[in-house]
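Q: Could you walk me through how to read strands, helices and a chain contact in a model like this one?
A: Gladly, let's take it feature by feature.

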Amino acid sequence: MFEIRPRKKVVQANWEGYMAERAQRVHDDALKRFFDMPLPSPDTPIGKVPMVALDMETTGLDERRHAIVSIGVVPFTLDRIPLAQRRYWVVKPSRPLDEASIAYHHITHSEIANAPDLDAVLDELLEVLAGRLVVVHFRNIERPFLDAAVKARRGEGVLFPMIDTMSLEARMHRQTLWARFRRWLGRPPVSIRLNASRERYGLPAYQGHHALVDALATAELLQAQMSYHYTPETPLKALWC
Amino acid sequence: MDVELLEIRQHMGQFPPFDGLSDELLDAIAEQVEVRYFKTGSDILVLNDTLNELCFIRSGAVEVYRRQGELYNRLGEGDIFGHFSLLRNHKVRFPASAIEDTLIYFIPNAVFQRLCEEDDDFADFVELERPRLETAAEQQKKSNDMMVTRIRKLVTRYPVMVESTASVQEVAKQISGAQASAALVIDEGSSNPRYSFQDSEGKTWQVCGILTDSDFRTRVVAEGLSPQTAIGDVISERLITIQSDSSVYEAMLTMLRNNVHHLPVMYRQRPVGVVHLSDIIRYETQSGLYLVSNIFNQSSAQGLAKLAPDVRAAFVRMVQEGANSQMVGSALSTIGRSFTRRLLELAEEALGPPPVPYCFMVNGSMARNEQSIVTDQDNALILSDDFNPDEHDEYFHALAAFVSDGLDACGYTYCKGDVMATNRQWRQPLHVWKRYFQDWMANPTPERLLHSSIFFDLDSIYGEDIFVEALQDLIAQTAPKSPLFLAAMARNALNRTPPLGFFRTFVMEKDGKHNNSINLKRRGTAPMVDLIRVHALACGSKAQNSFQRLNDISNTQLLAAGVSDKLSYALEFLCMSRIRHQVIDLQEDRIPDNNIEPENVEDSERHTLKDAFQVLNNAQKFLKFRYPIPTQRQGR
């Protein structure tokens, strides 16, 4: 902490190769359809990329011990977020719900008791995600949880590139020279949580912790980030991870 | 309803026109909304682009421009824009850009059209200007119409008319047969031009009196007259009538003032019916009525002054009961006139009868019957041409001072511009007044224009009405033929302009500046009244009330079709806003003024006020163009 280190070189993952390889080897029908649908190439300007904002509410933070409770998705572009295309599912977690998490995301036992298992909605979910670039706020929840849940049900996992609005925010507020200088001076780091990030762009505060509302909030945040720090011409490869 | 859309639905539901929608329609909107973020400075709508969506501001701020780049409006959270284009050719006519980071909810055209079809209030709201003002004005009218209902509406049948030669018994039979309670007495001839008319055969008759049920008791039986007495010998010579287009309220006041229960209703010189006090009893409200009778029961100026709180109470009650601005203005003017009349009566009691005939004239808002609770006195004396200053002026000066001091004590403060009969300049014989008026119209100077805008709203309230009528005739004959005077008055009427509208808790000026409050008289009603006066002068209207002037104007080609209605709605709304804010002041124990503070303005009122300002703004632009400065004058 007593030196200002140069920024680490970000190694670009070879998503194109990975997706093509999975498409070759996958067995499950729904997953095959998903991997068959080509993603935009890494050089596509972000203004032309069809995207889908994804958010999940879970019973906790560890995909090995906790489970998915609800999923919200909104397809969108930099131009528009059409709410008519939104999808939202409540699913029955494979592990019991604890009271603390109920208070957190407001989904009750009775709602969950009548909900289907994730397996029943997975095909529909994959259909919405296919061909669209998934946008999340903090990929370290959505990515491992979805991968683990699919693996448990279909015998093979699902990984794909994402744009993470939180890490875009971190680039601005955690990794710049100025941010590291602040940290070196012992200043508290700028919050990069969803609502705090939105506030910086003048976006309204939404009632949090509903998967669909958070997905919408994430889509709006990405539009704001793109209009402030990037351009519609920014290539996809500069953003995804 | 999907719970996840509550966020959107609840937000929209707070703002007009969405606040009045059914839940079902609100859901239908939330379902279809499309969202987009615009950073500060970016364009939202570009001129002539195709537009297929209504824009709703979820957060941030937006400026809307005219084609020429002039600022049209500044909008904030909950406001909508783009509806103007959607209702027309779907081309952007008013470009818009974000002046703060802004989140827009776009509502697709199909949903917008459905809303317009299924919800009338929504349709009214988005159709610009006219309908919203109209609706607001009409809703006020609906709630209580005593002041705007004409007395002719209460006339249900033709009056019983008898010749003056008929016997008392015959008349009694006719009245009973018609199940009436009074008969009008007529005779051949036209010696009284006020009440002369021709029947269907071309014969000329005149009304010479009225005979009522109670007259049979007091004038016939009690006097011991024979049933064969000619009716013409029984009736009194004093005949109180009312014109058929007077309001029910005026009829009531006339009855009270003259202590009669029957009132012949005249259409010009022709009798069309008789109304009885019981006919209008259902219209009776306490406001004003008892107050006026109380005014006439006072025997001193001090007694009158004690009634000032009652005036304020009557004002608040009228507004709470849903009176519109014409009712309030007319009632307050009636009260003000009653004070003045009673003071003149008291002055004459103290000073003795006047040495020469005179007319006490009021000007400004009282003459227009548009008085507000915040008012000063504007009055003048027109004296007979027999007036001799050396002999008579002492009397009239004393009379004027008595009235002026009394009015001040009653809450009608002294005029700051000294437009009062106590000022010798405004205490002159008729021929001097005529010369004043002719000079003002022939050679307008800034000072004379100021005088014109005060004195050309004029009405008699006591004495020789005919003096004021002579001046009104003079104006109506001369003004339409004085293009230079009209052009000067028109320019004078543009000195005060409306603001653009409201933005959050500020008043928005046209240059984008903000203010914390707005004087609604100076920036709204007064320029509107000035503007209407110019048109009224141009068309030779003798009406004094702005709404009646607009009626006269609409019968000419001075304004495009429908414009005078628009002006009328806009004026009504501006007046009413001012009145409502004065009521708030009174209720919160503040001294009422003409200022309104944006934070006290409800959302729906904001939108309508903004429309009213827009109507005024457009009308002012037209005024300059309509009354150009005559070219030969410019050459000099």
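Q: Let's start with pairing. What is the bridge partner of Glu53(B) in β8(B)?
A: Keep in mind that this is a predicted model. The partner of Glu53(B) is Pro108(B), in β8(B).

Q: Which strand does β8(B) pair with over 5 bridges?
A: That one is β1(B), and the sense is antiparallel.

Q: Now for the chain contact. Which strand of chain B pairs with β3(A)?
A: It is β1(B), residues 34-38, with 2 bridges in the antiparallel sense. Here Ile81(A) stands opposite Val35(B) in β1(B).

Q: How many residues does each chain bring to the contact?
A: Chain A brings 22 residues and chain B brings 17. On the chain A side, the elements that give two or more residues are β3 (81-82) and α10 of chain A. The most comes from α10(A), with 7 residues. By class, the chain A side divides into 13 nonpolar, 6 polar and 3 charged residues.

Q: At what angle do α7(A) and α10(A) pack?
A: The angle is about 35°, and the axes are 10 Å apart. For orientation, α7(A) covers residues 165-173 and α10(A) covers residues 211-229. The crossing is left-handed. From α7(A), the contact uses Thr165(A), Leu168(A) and Met172(A), and these meet Thr218(A), Leu221(A), Leu222(A), Gln225(A) and His229(A) of α10(A). Sorted by class, this contact has 4 nonpolar, 4 polar and no charged residues.

Q: Which residues of helix α22(B) are buried?
A: Start from the general idea: an α-helix has 3.6 residues a turn, so residues three or four places apart point the same way. In α22(B), residues 546-554, the buried ones are Ser546(B), Phe547(B), Arg549(B), Leu550(B) and Ile553(B). They lie on the same side of α22(B) because they cover an arc of only 155° around the axis. Among what covers these buried residues are α14 (325-351), α21 (520-538) and α23 (563-587) of chain B.

Q: Let's finish with a sheet. What is the strand order in the open sheet of 4 strands in chain B?
A: The order is β9-β10-β12-β11, with mixed pairing. At the edges are β9 (161-163) and β11 (196-198) of chain B, each pairing on one side only. Neighbouring strands of this sheet are turned by 45° against each other on average, direction ignored.

Q: Which helix packs on this sheet?
A: Helix α7 of chain B, residues 168-177, packs there and touches β9, β10 and β12 (204-212) of chain B. Its direction makes about 130° with that of β10(B). As for the strands themselves, β9(B) and β10(B), the latter at residues 182-188, run parallel and are joined by 3 bridges. There, Glu163(B) has Ile186(B) in β10(B) as its bridge partner.

Notes: Residues numbered from 1 in each chain as written. Chains lettered and ligands numbered in written order. Predicted model: local features only at pLDDT ≥ 70, side-chain atom pairs only at ≥ 80, totals over all residues. Pairing = 2+ DSSP bridges. Axes fitted to C-alpha atoms, helices over the stretch in contact; angles between N-to-C directions. Contact = placed C-beta atoms within 7 Å. Buried ≥ 20, exposed ≤ 12 C-beta atoms within 10 Å, placed from the backbone. Arc of directions from axis to C-beta. Left-handed = near helix turned anticlockwise from the far one by under 90°. Nonpolar A, V, L, I, M, F, W, Y, C, P; charged D, E, K, R; others polar.
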